[in-house]
Amino acid sequence: MSKVVVIGAGVSGLMSAYELAKNGEDVLVIERGDGDYDMSGILSAFKTPPLAHDGVISGSLKRLFVGTSELSISPSLNENFRSWMTKFSLSINDERIKKSQILFEKFGGESYEIYARLNEKYSQIDFKRNGQFLVFTDENSFKKRLDSIKIGDQTQEILDVEGVKNELGFLNQNIKGVIDLKQNAQIDVQNLADALKRELENLGANIVKDEITSWEFSGSLIAKAIGKENAYEADTFLLASGIDTDLASRLGSKLNLIPSKFYSVDLKFSAEKIPSKPVVLNDLFAKITPKTDGVKITSGLQIGNIDTLVRMDKINEFLNALKPFGTTCELKEPRYRVNFIALTPNDMPLIGRDEVYKNLVFSMGHGWLGLSFAPASARLVARLISEDKENIDINELLLFSGFYQG
């Protein structure tokens, strides 16, 4: 048994801690936040293109004029931003896109299996692999998608728009096409996090509230993680700190990550206006998650934006873009929230040991597919630590980790 300190209690950190605790490791999780996991819960590993795909940059420029693109870019002269954008642009090619989709489905499928097993014990996490509506508001993009679907593909079903309107809830106007991505899923993230914390407690792991600010070294090893409240010794330190790369920077490790801001809007709706399953608006990059009393709507990404303010002009711009496609209704008890994720330029999380400090392991940059990747990446992290492996010893890690994607 070795002592492992996990820095970060997001879903990837908790999943890694869970896998390590199952392996018999002595695990301590350091949680900086307030335990609020207010996320959409949409799992989109299947039939989903990477963020770096054809047209995404021109679409971002288009947003400057019409406000409807899946991402916007907040330019910066920062060296890390320039490096990230260069690699992001180079990732936009057919070979890379095809490889990414294969990896999404391989590791996303593994994650879904893990969620299904957890759901057998904790039904409140409400894992449902009941598909996802991919909705098109632009006829040309719908036709382009249809051209990519092979005859006999049973994983995607082209639906009759009129026939499916009742299942789309409030979103039922001016829709050009709907495809059911049958392999995708959803999960209740707050209940998932609560279940993982309960499992960790049952396995003898501990969770403490603190914020790690620096390190203490012993030669080429990290001896202690220094927090505001205490110092923590361990055999291995796992850094799963989301968009916060300061601790890595203090070690001289330059992680090719960039923060991205997005908004979520919770709305109260009557039952007939709630979609029967998650909706992804292909042409607006909006995601709509059904809840028992309404919906959660999440916006497109603002790459490089670290502004923590809720900008009502941006939220209104986003909601106004949805208006032509939804039944007019009063917004009841709206709740607005700013969210951040860390993106790699190739959509692959940064998993693996540090090149210098060998008792430091990274699990960061899970990005917009974080929920789909977290359980699978946690398994790789647990193998790396529990089996005392080097990165090069685990073929799946070399295949999946963003450290080795070029």
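Guide: The accessible surface of the chain, computed by the Shrake-Rupley method with a 1.4 Å probe, comes to about 18100 Å², of which 48% belongs to carbon and sulfur atoms. This is a predicted model, in which local features need pLDDT of at least 70 and side-chain atom pairs count only at pLDDT 80 or more, while totals for chains, interfaces and linings use all residues. Residues are numbered from 1 along each chain as its sequence is written, and side-chain values use heavy atoms, with hydrogens and water left out.

Visitor: What share of the 406 residues is buried?

Guide: Buried, meaning under 20% relative accessible area with a 1.4 Å probe and protein chains only, applies to 55% of the 406 residues in the chain.

Visitor: How should I read a sheet, and in which order do strands S10, S11 and S12 lie?

Guide: Strands of a sheet pair through backbone hydrogen bonds, either parallel or antiparallel. Here strands are DSSP runs (E, at least two residues), numbered from the N terminus, and two of them pair if DSSP finds at least two bridges between them. Three strands form an open, antiparallel sheet in the order S10-S11-S12. Strand S10 (212-218) and strand S12 (231-233) stand at the edges with a single partner strand each, so one side of each has no neighbour in the sheet.

Visitor: How many bridges join S11 and S12?

Guide: Strand S11 (residues 221-227) pairs with S12 over three bridges in the antiparallel sense, and the bridge partner of Ala-225 in S12 is Tyr-232.

Methods: Helices (H or I, at least four residues) and strands (E, at least two) are DSSP runs, numbered from the N terminus. Buried means under 20% relative accessible area, exposed over 50%, partly exposed in between (1.4 Å probe, protein chains only).
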